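Grab a pencil and work through these exercises with the model open beside you. Each task comes with a solution that goes step by step.

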Amino acid sequence: MKDRMTNFLLKYGVITALVVLIVFFSLSTRAFFSLDNFFDILRAVSILTIVAIGVTFSVVVNGMDVSVGAVTGFAVIFSTALMVIWQIPWYIAIIGALLAGIGIGLLNSFLILKLRIPDLLATLGTLYLAQGLQMWITKGDAVYRGMTNPWDPMRQVTKGFIPKEFLTIGQGFVFKTENFRGIPVPVIIMLCVVLITWFLLEFTRFGRAFYAVGGNIEAARLAGIPVKKYRTAAYVISALLATLGGLVLASRIGSGAVKAGDPYLLDAVASTYFGFAVLGVRRPNVWGTFLGAVFVGVMLNGLTMLNTPWYIQDFIKGLVLVSALGISFAIRKESR
């Protein structure tokens, strides 16, 4: 009986905790348990999930990318600046931001693989570079319609704007009906990222090679796997997904706020490591990361509905996360 309970908690402890949270908030406030609110939660965690899956790729190859928050913020500023300051078409601004994200990922891999700088130190340096680029592009100002052009000696007002096509990415809805406001576009983007990366990592030779590199680099090398190429790909994917998250964030807020991506770093890392405790897989995985992000979203949404003061929400979130992970890992140790 004890072994059954241990195995159950090891596999489904985090999911059980999530269900308990949903039941608690549903009983505490009527507005929580509704279809619209669930989609609001998914929309709220969509950017976090996209960024966190990028972190998951770096952890899969036994690394860590702490630059994702700054890269997300850089994408917010860079994409909106292209449209507002330099009047670049929105689709070219998206392509430009994604290419810049790929460049940052390649820089991370160069620092780590060629210069042999430890992952944390290399990506920490990239973090400051990305933050500096944000400030330099607009000279410390936010990006919005009617702003003063920071690069114009005459300081004239910019004529560019963020078009509605771009805003649809973060603010739009699809499948609308008379009684249903529709599914948010960010949720569709998030689910596409989750499903594609899940299939890639779990059901392809490419994905199995990622896990092989993270499990034992030397063994993977002896098996003929090009270790450096896979580690490079992991950091490029991480930066690319952070950039995609930044584009969704820029579209959602409709402007370019300085350092808008910084808050996503810690939550993305937490969601990634939260995935270790989901279904007892004992390794980074996409669905675990997704559930970790949803766990965070449900907590914040429920606490907000209960009018919990903002200044203790992080403490409560941390307490619940530490408790859930502590119980899961303690049970795992006992079961060995």
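**Exercise 1.** Which residue forms a salt bridge with glutamate 202, and how far apart are the closest N and O atoms?

*Solution.* Before we start, a word on the ground rules: this is a predicted model, where local features need pLDDT of at least 70 and side-chain atom pairs count only at pLDDT 80 or more, while totals for chains, interfaces and linings use all residues. Residues are numbered from 1 along each chain as its sequence is written, and side-chain values use heavy atoms, with hydrogens and water left out.

Step 1: apply the criterion. A salt bridge needs a side-chain nitrogen of Lys or Arg within 4 Å of a carboxyl oxygen of Asp or Glu. The partner of glutamate 202 is arginine 283, with the closest N and O atoms 3.2 Å apart.

Step 2: Helices here are DSSP runs (H or I, at least four residues), numbered from the N terminus. Glutamate 202 is in helix H7, arginine 283 is in the loop between helix H11 (264-274) and H12, and 81 residues separate them.

Step 3: check accessibility, where buried means under 20% relative accessible area, exposed over 50%, and partly exposed in between (1.4 Å probe, protein chains only). Glutamate 202 comes out at 26%, so it is partly exposed. Arginine 283 is at 28%, so it is partly exposed.

Step 4: look at what else arginine 283 does. Its charged end sits over the ring of tyrosine 211, 4.3 Å from the ring centre. For that label, NZ of Lys or CZ of Arg has to be within 6 Å of the ring centre and within 35 degrees of the ring normal.

**Exercise 2.** Find the salt-bridge partner of arginine 231, then decide: are the two ends buried or exposed?

*Solution.* Step 1: arginine 231 pairs with aspartate 119, the closest N and O atoms being 3.2 Å apart.

Step 1: arginine 231 belongs to helix H10 (residues 227-253) and aspartate 119 to helix H5, 112 residues apart, and the pair links these distant parts of the chain.

Step 2: arginine 231 has 11% relative accessibility, so it counts as buried. Aspartate 119 has 16%, so it counts as buried too.

Step 3: Aspartate 40 bridges to arginine 43 with closest N and O atoms 3.5 Å apart. They are three residues apart in helix H2, which means about one helical turn separates them. Salt bridges that share partners join Asp36, Asp40, Arg43 and Arg181 into one network. The structure holds six salt bridges.

**Exercise 3.** How many aromatic pairs does a search of the whole structure find? Work out the geometry of two of them.

*Solution.* Step 1: the search gives 17 aromatic pairs. Rings of Phe, Tyr and Trp (its six-membered ring) pair if their centres lie within 6.5 Å; planes under 30 degrees apart are stacked, over 60 edge-to-face, and the rest tilted.

Step 1: phenylalanine 57 and phenylalanine 210 have ring centres 5.6 Å apart and planes at 80 degrees, so the pair is edge-to-face. Phenylalanine 57 sits in helix H2 (residues 35-60) and phenylalanine 210 in helix H8 (residues 205-215), 153 residues apart. Phenylalanine 57 is buried at 1% relative accessibility, and phenylalanine 210 is buried at 0%.

Step 2: tryptophan 198 and tryptophan 287 are also edge-to-face, at 5.9 Å centre to centre and 65 degrees between the planes. Tryptophan 198 lies in helix H7 (residues 185-203) and tryptophan 287 in helix H12 (residues 286-305), so the pair ties together parts 89 residues apart in sequence. Tryptophan 198 is partly exposed at 28%, and tryptophan 287 is partly exposed at 30%.

Step 3: ring pairs also link Phe24, Phe25, Phe32, Phe33 and Phe38 into a cluster.

Technical notes: Helix = DSSP H or I, 4+ residues; strand = E, 2+ residues; numbered from the N terminus.
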